[in-house]
Amino acid sequence: MQRVLFHDTIFGPIHSRRLGTSLGVNLTPNDGKICTFDCLYCEAGFNAQGPGTTGMSQREEVARALEQKLREMHAAGQQLDVITFSGNGEPTVNPHFPEIVDDTLALRDKYFPEAKVSVLTNSTRIHIPQVAEALKRVDNNILKLDSALDSTIRVLDRPNSPGFSAEKVIVDLRQFAGTGIIQTMMLRGEWEGRRIDNTTPEEVTALIEAYKKMAPREIMLYSIDRTTPARSLEKIPAEELRSIGARIAEATSIPVQVS
C-alpha cells in the first residue's frame, strides 16, 4: 500500500512546479492520513492506511518548529518563495488551523516578508466561517475542484460526506471570487470497472461554467506527476493540457496556469 510522504510537521524546502521553493507545513499526523476526500491520485496514499498514532499537529509545536526552520534558512541566506500548508491530508481539519495560519503569517513577516503563504485545500470545509476567514488571510488560497459533475467527483475524489455535491461547493467557492485560486487535476483511467476522464468536452464545458460562477483570480490545471495509489490512472500529455487550458482561458477570461 502506498503510504504517507511526510513524516515531519515542517518539511523541505522542496521545489514546487507551481509555487517555487516551498517550505511545507503538515497539520495532519506524521505517520498516518486524515482527509475528507480519498482521492484516487493522492500522493499520500489512501485513507485506509489509517490516522497513525502521532495525532494532529499542535499549534505550539507548529510555531516552534517553523520558527526554528525559518531562522536557520534566514541565517544561511537561503531563498524561500512560499510556505505551503499541505501534507498527509486536508490541513483545514486541524482544529487549530485558523490560529496556526495567523502564527505562520507573523513568522513569515519576521523572517521572509517577501515569501507567500499558501494553503492547498480540497474545499470540503470552506462552509465553516472560521476556516473561510483564515483562507482569506493567506496570499495563495488554492482550492480544489476536479470536476463540476457529481458522478465524476464521487469516483475520482471520493468525498467522505454523502452530502457533498459539486453544486454546493461551487456556491461556497464564490465567496473567494477575485482572490481564490482553483486547482483542477486532469486525468484519465479506470477504477473498479468505471472509466474516469475529466478531459471530455462535457467535463470541460461544465468546468468552464463553474469557473465563470466562481470567478477566481487564477485557475491551475495540472496532471499526475508522481506514483498514484490507483495504478490505472493516466497522465494527460502536456500539449493536450495546454489546449484545454487555452479553451478555458478564452471562455472565462481568467488566467490559466498549466503545469
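A residue counts as buried when its relative accessible area is under 20%, as exposed when over 50%, and as partly exposed in between, using a 1.4 Å probe and protein chains only. The structure is a predicted model, in which local features need pLDDT of at least 70 and side-chain atom pairs count only at pLDDT 80 or more, while totals for chains, interfaces and linings use all residues. Residues are numbered from 1 along each chain as its sequence is written, and side-chain values use heavy atoms, with hydrogens and water left out.

Asn-26 lies in strand S2 (residues 20-26), a strand being a DSSP run of E with at least two residues, just as a helix is a run of H or I with at least four, each numbered from the N terminus. With a relative accessible area of 0%, Asn-26 is buried. Leaving aside residues up to four places away in sequence, Asn-26 touches Phe-6, Asp-8, Thr-9, Phe-11, Ser-57, Ser-86, Gly-87 and Asn-88, where contact means heavy atoms within 4.5 Å. The side chain of Asn-26 also takes part in the pairings below.

| Partner of the Asn-26 side chain | Distance |
|---|---|
| Asn-30, side chain | 3.1 Å |

Elsewhere, the axes of helix H2 (residues 97-111) and helix H3 (residues 129-137) come within 9 Å and cross at roughly 15°, the axes being lines fitted to C-alpha atoms over the stretch in contact, with angles from 0 to 180 degrees between N-to-C directions. Phe-97, Pro-98, Val-101, Asp-102 and Leu-105 of H2 meet Gln-130, Val-131, Ala-134, Leu-135 and Arg-137 of H3.

Methods. A polar contact is a pair of N or O atoms within 3.5 Å; within protein, one must be able to donate a hydrogen and the other to accept it, and residues adjacent in sequence count only if both atoms are side-chain atoms.
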